[in-house]
Amino acid sequence: MSMFSTGILVLTSPLHTLPLRIAPVLSSAAQLVERTLYVHLHPGLNLGSGSQPRPVFLPPAVDLSTLISRLYSNAADVCGHLDVRVLLTNVRTQSASCSGTAIPNCPFPTPQSLSHSPEVVLTDFPLQDPGQSHQVMQCLQRYTGHCYVCSPSLPSVLLHPQLVRLQENREGLKEPGEEAEPMQTYSDVVVGGTFDRLHGAHKTLLNISCLLANRRLIICVCDHAMLKSKSLIFSNSISGMRIHDEKAPPPPPPPPNILFFPALEKVLKELVEPYSLRVQRLQEFLQDIKPSLQVEIMPLEDPYGVAVVDPLLQCIVVSEETRRGGEAVNKKRIENGLPPLILHEIQLLKDAHHTETEEEKISSSSLRSRLLGTLLTPPKHTSHLAALPYVIGLTGGSGSGKSSIARQLEALGAVRIDCDKLGHEVYQPGTAAYRRVLEEFGSDLLNEDKTINRRALGRKVFGNQERLKALTDIVWPEIALLVENRISQAREEGKQVCVLDAAVLQEAGWTDMVHEVWVTVIPEEEAVLRISERDGLTAEDALRRLQSQWSNSKQVAHANVVLSTLWEPEVTQKQVLKAWNLLQERIQPRQEGHVLVSPSSQL
């Protein structure tokens with residue numbers, strides 16, 4: 001059967017049996033839908049009665065909240081490539097109102113538009129009589145068209161997953177006919193987090209927040225300025241990641257009134273999506289799942305956000321890891337003369353695919369770590385460069401482990417061009433740079449053997465941007481000429497890949513000589529420790545050195561591939577091998593084309 005980009009899955013199984021059916025149903029749906037899967041809940045919907053059913057309101061219930069969490073958890077396990085969205089337009093208390101207006105008896109007075117136009121509708125409805133197949137599919141098609149804007153000829157599919165036997169593993173499931181526990185809802189609800197690379201745990205948090213909110217939902221989103229803070233209350237620890245060192249002492253307790261979340265997006269924060277993009281994705285998601293809700297998305301500008309000053313708020317949604325943050329918010333509210341908020345706590349979702357260096361829960365940090373070694377942005381136009389050798393420009397801040405990665409790439413077959421060594425060559429007596437440096441900075445730089453004392457030269461340019469630029473204007477072009485010679489030599493030798501190991505690749509403007517830019521990053525704190533240990537500098541001097549270089553964020557903004565040596569060497573090796581293998585796939589067409597035009601191939 002054909003694959004569809006976007007589909008709607010109408011779940012009709014009774015609420016007490018649905019938890020056991022979710023995984024196989026999602027697995028079957030994933031064989032037909034490849035991008036976005038909307039989920040519409042209507043437990044007990046009968047598509048085979050002969051009469052056309054209509055959508056009805058579902059009351060918020062604890063079981064429904066649990067089901068949504070399970071659905072997103074199962075989706076992460078069996079169809080992680082899909083953007084699954086549980087729609088809640090038809091989930092609301094009958095007594096609720098939206099913006100002061102009464103809610104009609106039908107949850108869909110007019111069909112709801114979705115961000116992605118559905119191309120197929122699927123259902124788990126169990127077909128009792130094969131002869132009813134056509135009738136049921138027509139009924140499903142009309143039902144879906146009543147709820148959502150879609151083509152009148154929308155294809156419909158009855159899924160026949162291999163369902164788990166219901167008598168197995170019934171722990172925690174309600175028996176048929178057992179009354180569902182109602183869920184307490186609130187007029188105004190607040191939730192906060194980073195919401196980087198919106199994933200199943202985020203969606204659970206947002207869906208349950210939408211279940212709880214009758215009128216207004218406030219979402220406080222960390223901007224990049226707050227990501228640098230260590231005193232965030234709204235740490236979406238659903239997306240956090242801790243680097244655990246069993247030898248390290250336990251962290252100190254949080255200071256009074258300020259909750260310290262060391263895990264808040266500190267790992268690979270350079271890969272956190274821009275604030276505007278995160279907000280855009282939140283808006284689209286929330287407009288899909290509950291368009292009637294008044295949603296306010298605002299940047300988190302201080303550790304507490306609007307939660308401690310808005311008198312209309314009634315509830316704050318937290319995870320089991322951020323509960324203390326909610327308690328800190330309430331303490332501030334009481335100090336401000338406001339009533340405390342109800343803390344609604346949700347559980348974290350387990351990540352069945354996590355590695356040894358990743359957390360057990362679904363997290364944005366894990367998703368970011370999985371980007372390491374992959375192509376983040378396509379290479380720029382490089383028609384002015386020869387097809388082969390394919391040149392990688394490898395750069396990174398001091399202490400980032402750039403050279404160790406370069407050596408690993410060399411071991412895999414790349415020709416390594418060490419710009420630090422070339423920098424020493426251009427200062428040798430008799431070179432053009434040697435003569436110009438002496439003319440510019442004086443012959444008092446010479447050692448007894450007539451070589452340039454680079455330490456003395458460094459003292460002359462340190463802290464003086466004008467003099468430093470005068471030096472780099474002499475040295476960098478000469479290094480670039482040596483690089484071009486090394487690349488030409490590699491081409492003559494038939495080499496396929498060169499790695500230009502250059503700390504100042506981007507500052508010097510050498511990116512015009514490379515096909516791709518690869519950047520190595522580690523947190524600033526780790527870089528300071530490495531530099532101090534390696535070079536015997538104080539932490540202050542090490543930090544000063546780092547701050548004189550391009551920041552990680554600035555480097556990553558111009559990178560095609562990002563790598564990190566933050567973890568154990570074996571982890572770095574896996575990253576490098578992944579990056580190398582993916583690179584081979586990208587350059588294979590160049591290699592084949594090169595063979596076709598090679599003179600030796602004509603012999």
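Modeller: Helices (H or I, at least four residues) and strands (E, at least two) are DSSP runs, numbered from the N terminus. The model is predicted, so local features need pLDDT of at least 70, side-chain atom pairs count only at pLDDT 80 or more, and totals for chains, interfaces and linings use all residues. Residues are numbered from 1 along each chain as its sequence is written, and side-chain values use heavy atoms, without hydrogens and water.

Start at T357, in the loop that runs between β12 (342–346) and α8 (364–369). From T357 to S369 is 12 residues along the chain, and their C-alpha atoms are 9.1 Å apart.

β12 belongs to an open sheet of 5 strands, ordered β10-β9-β8-β11-β12 with parallel pairing; strands pair if DSSP finds at least two bridges between them. β10 (294–300) and β12 each have a single partner strand, so one side of each is left without a neighbour in the sheet. From one strand to the next, the twist averages 25°. β12 pairs with β11 (residues 315–319) over 5 bridges, and S319 stands opposite I346 in β12.

Two helices pack on this sheet. α4 touches (heavy atoms within 4.5 Å) β8 (186–193), β9 (213–222), β11 and β12, and its direction makes about 145° with that of β9. α6 (residues 275–289) touches β9 and β10, at about 160° to β9. Such angles run from 0 to 180 degrees between N-to-C directions of lines fitted to C-alpha atoms, for helices over the stretch in contact.
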